[in-house]
Amino acid sequence: MDAKQLLALLRTMLRIRAFENAAEAASQGGVSAYGKAADGSAKVRGPLHLSTGQEAVPAGVCVHLRREDYLTSTHRGHGHTLAKGADLGAMMAELFGKATGFNGGKGGSMHIADFSVGMLGANGVVAAGLPIAVGAAHAQKLQKRDAITACFFGDGAINRGPFLEALNWAQVYALPVLFVCEDNRWSATTASGPMIAGDGAAARAASLGIAALQVDGNDVAAVHEAAGRLVAEVRAGAGPRLLQAITYRIKGHVSVDPAAYRDAGELAAAIETDPIARARAAYLQLPGASPAALQAVEQQAEAEVQAALTAAEAAPWPEAAAAFGDVQTTGAGQWR
Amino acid sequence: MALMTYAEAAALAVGHAMAADDQVVVLGEDVGRGGIFGQYKGLQQRFGEQRVIDTPISEAAILGAGVGMALAGLRPVVEMRVVDFALCAMDEIANQAAKNRYMFGGQGRVPMVVRMPIGIWDASAAQHSQSLESWFAHLPGLVVVCPATPQDNYSLLRAALDCGDPVVFMEHKTLWGLSGEVDASLQLELGRAATLCRGTQLTIVSWSRQLQACAEACEQLASQGIDAELIDLRCIWPWDRDAVLASCARTGHLLVVHEAVQVAGFGAEIAASAAEATGCKVKRLGAPRIPVGYAPVLEAQSRIVASDIVAAAKALRG
């Protein structure tokens with residue numbers, strides 16, 4: 001990987017990190033949980049699931065996707081959404097619940113979607129995106145489109161039935177899907193390891209005959225390389241593939257969760273392998289690397305997020321009447 | 001006009017929709033063989049395995065894939081075999097299909113018809129006999145249809161496929177062989193009831209197979225000097241408030257009869273709405289809150305027959 005390529009990946013990762021940090025700050029006091037009460041002052045309300053520390057996975061995978069490819073995401077989906085090319089400002093506005101957000105304030109963080117870039121939605125239900133992704137890929141195949149579907153999910157999802165049903169489905173119909181297990185090693189506030197029988201997502205895929213790779217998900221170059229191979233195979237019509245990217249959730253389950261249940265050493269070790277720090281160090285050793293260019297990318301990301309916060313703050317709330325829009329066409333108006 | 005069964009009318013409707021729009025596809029278990037009730041007969045031979053898709057026994061994936069297909073531009077007809085099995089796909093219908101359009105701010109729609117056959121079916125016991133229309137009526141975003149005749153099955157299925165919303169389409173398992181004239185040019189609007197017989201003293205509202213016992217009861221009531229009006233609701237959501245409330249205002253008495261368990265059944269919603277709006281006297285008649293049993297004597301405890309309806313009507317009239 002050359003310096004230019006790695007800088008492009010770093011740019012994606014830095015934008016995600018800056019977004020997550022800003023959203024985290026704006027969400028404190030936004031929900032009553034983990035012994036803290038909502039205080040009404042938060043700009044970002046409700047449960048906010050941060051992908052801080054997991055940025056290398058969406059960056060390394062989505063760089064191989066095209067606008068016409070589909071993507072399904074999870075409750076921890078800001079990174080996937082940004083990496084797929086969605087507008088950062090419209091996502092921040094949605095987190096603020098404003099009319100200018102992607103969903104007009106109807107969805108918030110857990111339901112972010114941007115159909116204009118093929119992002120078919122985050123999901124508040126673990127593993128729910130998998131069957132939807134295989135359906136979207138089935139449509140792509142039936143419609144003979146030159147496009148694929150990338151389906152992100154966490155390690156917790158592999159213990160739900162839809163994981164098995166969707167993987168089996170994708171293989172039976174040889175669908176163009178890349179399954180990406182973003183394995184952050186935590187299922188809400190429970191460590192995943194003791195809850196998963198066998199060897200995890202890649203092994204389960206292999207048991208269905210789906211070729212799978214396991215990769216260090218905090219090494220963006222490794223993710224990029226593995227995802228590139230798998231995406232090329234899926235595009236060539238080889239059927240589904242699975243990538244298990246092992247990373248780490250630096251924050252708690254939601255932004256107000258201090259994750260006090262976690263071993264301090266585990267977090268310290270994870271921070272040692274922070275994907276952005278590693279990518280930055282790797283970049284600076286490459287021929288043609290420019291510390292100034294890296295600094296500029298970092299500053300641009302921060303500035304973009306600051307502008308998004310200002311715009312989201314200034315944006316109007318949705319009209320109350322919008323609560324009755326886009327429910328259903330048949331019977332619209334009959335609310336009781 | 002042609003004479004055909006309720007199952008044949010359904011297959012005709014899907015076939016016509018598939019011929020008119022190549023984005024209409026069918027997916028579900030055993031659909032290639034025509035479906036377990038013949039409601040897809042001949043469609044795979046005509047349209048091929050790509051569009052009439054035999055699937056694994058994976059209800060969550062069948063329904064979830066239907067959602068993904070719909071978001072990607074197809075118009076899937078999803079077969080759940082019996083409503084009892086659709087419960088394996090409740091997240092996909094309740095949290096995904098019903099809510100995607102709304103929660104994504106209108107960016108995506110789910111034009112999908114999910115067929116979930118309902119009802120007591122000879123000796124099929126507790127997991128193959130339920131009528132769960134009220135579960136789905138409770139979920140914003142869904143349309144719920146319960147056709148009772150071959151004509152309605154044809155016309156309402158076409159309307160369901162055209163409407164662009166996710167539709168729970170509930171055919172009754174003992175109606176598959178019912179014959180009737182079908183006019184394929186007849187278009188019906190979702191949410192419109194049909195008045196099957198006119199009357200002045202009592203309004204009876206029902207749907208699906210339960211209408212047969214209601215019609216029998218109306219004849220018996222007529223012979224006893226009670227003039228009942230019988231309304232086939234046809235759609236559970238949206239339900240035809242105008243037709244039902246107008247009838248209740250005239251007769252002053254409403255009896256709602258359904259095969260589903262009475263407790264928290266949709267009859268409660270109709271009865272309460274009619275009482276609030278017209279001040280009419282109301283009565284509900286549904287199954288007792290017991291699972292459907294296997295032995296004939298046990299199964300019979302869940303059935304509402306004409307004599308039950310006559311007795312309820314008389315009690316209501318006082």
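## Helices, contacts and burial

Analyst: The buried residues of helix 5 of chain B are covered by elements that include helix 5 (129–142) of chain A, together with helix 3 (59–71), helix 4 (83–86), helix 6 (100–103) and strand 5 (113–115) of chain B. This is a predicted model, in which local features need pLDDT of at least 70 and side-chain atom pairs count only at pLDDT 80 or more, while totals for chains, interfaces and linings use all residues. Residues are numbered from 1 along each chain as its sequence is written, with chains lettered from A and ligands numbered from 1 in the order in which they are written.

User: Which residues of helix 5 of chain B are buried?

Analyst: In helix 5 (residues 90–97) of chain B they are B:D91, B:E92, B:I93, B:Q96 and B:A97. Helices here are DSSP runs of H or I with at least four residues, strands are E runs of at least two, and both are numbered from the N terminus.

User: What do the two chains contribute where they touch?

Analyst: Chain A brings 38 residues into contact with 39 residues of chain B. On the side of chain A that touches chain B, helix 5 and helix 6 (161–172) of chain A each supply at least two residues, and helix 5 of chain A gives the most, with 10 residues. By class, that side of chain A has 19 nonpolar, 16 polar and three charged residues. The classes are nonpolar (Ala, Val, Leu, Ile, Met, Phe, Trp, Tyr, Cys and Pro), charged (Asp, Glu, Lys and Arg) and polar (the others, Gly among them).

User: Why are helix 5 of chain A and helix 3 of chain B called oblique to each other?

Analyst: Their axes cross at roughly 55° and come within 6 Å. Axes are lines fitted to C-alpha atoms, for helices over the stretch in contact, and angles run from 0 to 180 degrees between N-to-C directions. Angles under 35 degrees count as roughly parallel, over 145 as roughly antiparallel, 65 to 115 as roughly perpendicular and the rest as oblique. The two helices are therefore oblique.

User: Which residues of helix 5 of chain A meet helix 3 of chain B?

Analyst: A:P131, A:I132, A:A133, A:V134, A:G135, A:A136, A:H138 and A:A139 meet helix 3 of chain B, where the partners include B:G64, B:G66 and B:G68. The contact divides into 12 nonpolar, five polar and no charged residues.

User: How do helix 10 and helix 11 of chain B pack, and why are they called oblique?

Analyst: Helix 10 (residues 241–251) and helix 11 (residues 266–278) of chain B pack at an angle of about 60°, with their axes 10 Å apart. They are therefore oblique to each other. B:R241, B:V244, B:L245, B:C248 and B:A249 in helix 10 of chain B meet B:I270, B:S273, B:A274, B:A277 and B:T278 in helix 11 of chain B. These residues comprise seven nonpolar, two polar and one charged.

User: What stands out in the phi of A:A127 and A:D326?

Analyst: Most residues other than glycine have a negative phi, and most peptide bonds are trans. Phi of A:A127 is near 80°, a positive value, and A:D326 has a positive phi of about 60°. A:A127 lies in the loop between helix 4 (88–95) and helix 5 of chain A, and A:D326 in the segment after helix 11 (291–314) of chain A. With 24 C-beta neighbours inside 10 Å, A:A127 counts as buried; A:D326, with 22, is buried as well.

Terms used
Buried ≥ 20, exposed ≤ 12 C-beta atoms within 10 Å, placed from the backbone. Contact = placed C-beta atoms within 7 Å.
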